[in-house]
Amino acid sequence: MRRSLLAAGLAAFFLSSAASAQTLNVATAGDQNMVDYIKDYLGPLFEKSHPGVKVVAVGTGPGDGGSQKIFEKLDAQKQAASASDFDVVVIHQKAAGTMVQGDLLKKYRDVLPTGKLVTRDTATNSLGTDVSGYVMPMFHSQTAIAYNPDLIKNPPNNYAELREWVKKNPKQFGYNGIKGGMSGVAFVTGWISAFGGDPAKLEKGPYDAATKATWDKAMADLKEFNQNVVITPGNAGTLDMLNRGEIAMGPVWVDMFYTWKADGKLPPNMRLKLVSPGMPGQPMYYAIPAKTAQEKLAAEFIALATSPDVQAEGIVKRFNWYPGIDAKNLEGKLDQAAWNQLFADIPPDTLAANGKPFPIGPYFNDILETYEKKVAN
Amino acid sequence: MAKPSLLGLLLVAPALAMIGALFLYPLGFSLAAAFTEPGGGLSLMHFQKAYELYSTDILFTLFIVVVSTLLTALFSIAIAGILTLGETPWLVAALRALYRWPLFIPFIVAAQCMRTFLAKNGLMNNSFVALGLMEPLQATSLLDWRGIIITFVWKQVPFVTLMLAGAMASIDRATIEAGRNLGASRIRVLLELVLPQVGQTLLVGLVLSFVTMLSVLSVPMMVAGSQPTMLTVDMAFRINSYGDYATANALGVISYAIAGTVAWIYLRHSVKREVQA
């Protein structure tokens, strides 16, 4: 703990020594594409409309771990009663709940001009915690099963069919466990929702610590299932192996899948399938730390980032994410081809039916820990 | 013996302070955290949790590191032996020029290279297929425990060889020549004359390699999937996903214990030699 605080302190020192009065520090969790988005697209756009302002993007690492680092830093600065040097943070759902409960964020959405454009319930409810007002969804991302249609004519429609398919085709399905990124975590939580009992309770609560005992059968089945799959090293590892033809199927993030395809890192014929009863997806949130000195600038930055134009051009077209604000606000901003491409494999009604939220925080942790105990060990 | 002067103490004070602040304090802190329960009392609960979740990974880590150390020893002795006793000048020259290269490549870069080199349809298998040495269907991915071992050995052999070849070069050539004159083969000279004289250096090199490999995070994370995996990955996961420093510290203490055992063997050995000398 102390060691990471020291590291955070050093980072803060370098950041603040490089900063002038008009520097907006944006800390973002997530993969490199998140940093690229702010550094290459959003930052320059904001600097153009705000002459003299410099946007500095800092990546804190993939997955919930990246958000955890932002939380630790803000929390340490709160305890030291010093101003925070992050002006805008981009965080995952789990951390958003923790930060709201710890009074680390500002309630800013209601005064934001784009605040009313959000309709999804993830903007108010983050894994069981009420976050309304504190966060603005940057985008929504979804996991799905990617497959190679040359090898698989009829992909499985649901988890039960997938289980049978893997039994018949050993070592052709790959996922990255739970330590190598969220696509594997999403697959595992989807498995528990499918085979472990009441999925609505996992998504909405209330939390009951005894529930995890009911997953024993599902976890034992997953352990057996794992005998016939390939455990890949990471989100990108799954895509790599799909690309090299080493596996025929695996869970991926939809946005990464489309981006890799566009970059020529995946064969163009690869397809996606969002199996029932559903796989989770999640938003990333824009939030403003409670003790930033640049509150006005930060709010303007987020207003720009969630404006229909930026959501259409940056989020959907360039980075293949689903928009954070209601998609109907994007009508007319986007050409039909880009729109169709986003929904080619997963039509909007399938997305609405099978795109699930992750389980609420305590269940989420229970699932991961039970997996480590019963499946991985 | 001279009295410690104030100036001398002042000179070492900054270094001591650094060790205290950046090593001893965090070490003590992590040890304490591993044995403290949330209420504040002493407890082994974090170790119990570490065992419940990661017993396979503890064994896996030991297996990987021990096998890698043994293979490193084998290859280093072979290379250093050729460098010292080789009679084919061009081979010795080529080997001498080549063997150090991996020393300058960081673990993470090595891991990244191995990821594409050892994959099922990676560079290695594709080359074998192109050379007609293998059918495409026989190709298997080495990106599991074998990949970790290959990367570790590839990275640590030059380090141990560097130390070993240096030590071998400085021993009395007369002993080697005497052995050769009496008709001993080069293998026998290496194993019975040269190696016993450089055993201490080999041991130091291997102990350092062992501890280094125990602490590498990037290689198991990038080369292999996460089930099973090495303790470093589990520690990073506990901290990154849960902020659970207690269990991570317990795993850390288990790592110290493994590294400490090796250090103890080494210390005992060197003390024994000093007594003999």
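**Exercise 1. Contact range and overall form of chain A**

Among contacts in chain A between residues at least 6 apart in sequence, find what share joins residues at least 24 apart. Then describe the form of the chain.

Solution.
1. In chain A, 78% of the contacts between residues at least 6 apart in sequence join residues at least 24 apart. The model is predicted.
2. The secondary structure of chain A consists of 15 helices and 13 strands.
3. The radius of gyration of chain A is 21 Å, close to the 21 Å from the globule rule for 377 residues, so chain A is as compact as a globular protein of that length.
4. The C-alpha trace of chain A spans about 65 × 50 × 35 Å along its principal axes.
5. Of the 377 residues in chain A, 52% are buried.

**Exercise 2. The domains of chain A**

State how chain A is divided into domains, and describe the contact between domain 1 and domain 2 of chain A.

Solution.
1. Domain 1 of chain A covers 2–140 + 282–346, and domain 2 covers 142–281 + 353–376.
2. Taken over C-alpha atoms, the centres of the two domains of chain A are 27 Å apart.
3. Domain 1 of chain A brings 17 residues to the contact and domain 2 of chain A brings 19 residues.
4. On the domain 1 side, helix α4 (residues 93–101) of chain A gives the largest share, three residues.
5. By class, that side of domain 1 of chain A has six nonpolar, nine polar and two charged residues.

**Exercise 3. Strand β9 of chain A**

Are the faces of β9(A) covered or open? Which residue is the bridge partner of A:Thr143 in β9(A)?

Solution.
1. Strand β9 of chain A runs over residues 249–253, and five of its five residues are buried.
2. Side chains in a regular strand alternate between the two faces of the sheet, so each face is examined in turn.
3. One side of β9(A) holds A:Met249, A:Pro251 and A:Trp253, and the other holds A:Gly250 and A:Val252; all are buried, and both faces are covered.
4. β9(A) pairs with strand β6 (residues 136–147) of chain A in the antiparallel sense, over five bridges.
5. A:Trp253 is the bridge partner of A:Thr143.

**Exercise 4. The contact between chains A and B**

How many residues of each chain are in contact, and which helices of chain B supply at least two residues each?

Solution.
1. The contact involves 26 residues of chain B and 23 residues of chain A.
2. On the chain B side, α1 (6–35), α2 (45–85), α9 (218–223) and α10 (231–242) each supply at least two residues.
3. The side of chain B that touches chain A divides into 13 nonpolar, eleven polar and two charged residues.

Key:
Residues are numbered from 1 along each chain as its sequence is written. Chains are lettered from A and ligands numbered from 1 in the order in which they are written. This is a predicted model: local features need pLDDT of at least 70, side-chain atom pairs count only at pLDDT 80 or more; totals for chains, interfaces and linings use all residues. Domain bounds come from an automatic or database domain assignment. Two residues are in contact if their C-beta atoms, placed from the backbone, lie within 7 Å. Helices (H or I, at least four residues) and strands (E, at least two) are DSSP runs, numbered from the N terminus. Ala, Val, Leu, Ile, Met, Phe, Trp, Tyr, Cys and Pro count as nonpolar, Asp, Glu, Lys and Arg as charged, and the others, Gly among them, as polar. The radius of gyration is taken over C-alpha atoms; the globule rule is 2.2 Å times the number of residues to the power 0.38. A residue is buried if 20 or more other C-beta atoms lie within 10 Å of its own, exposed if 12 or fewer, and partly exposed in between; C-beta atoms are placed from the backbone. Two strands pair if DSSP finds at least two bridges between them.
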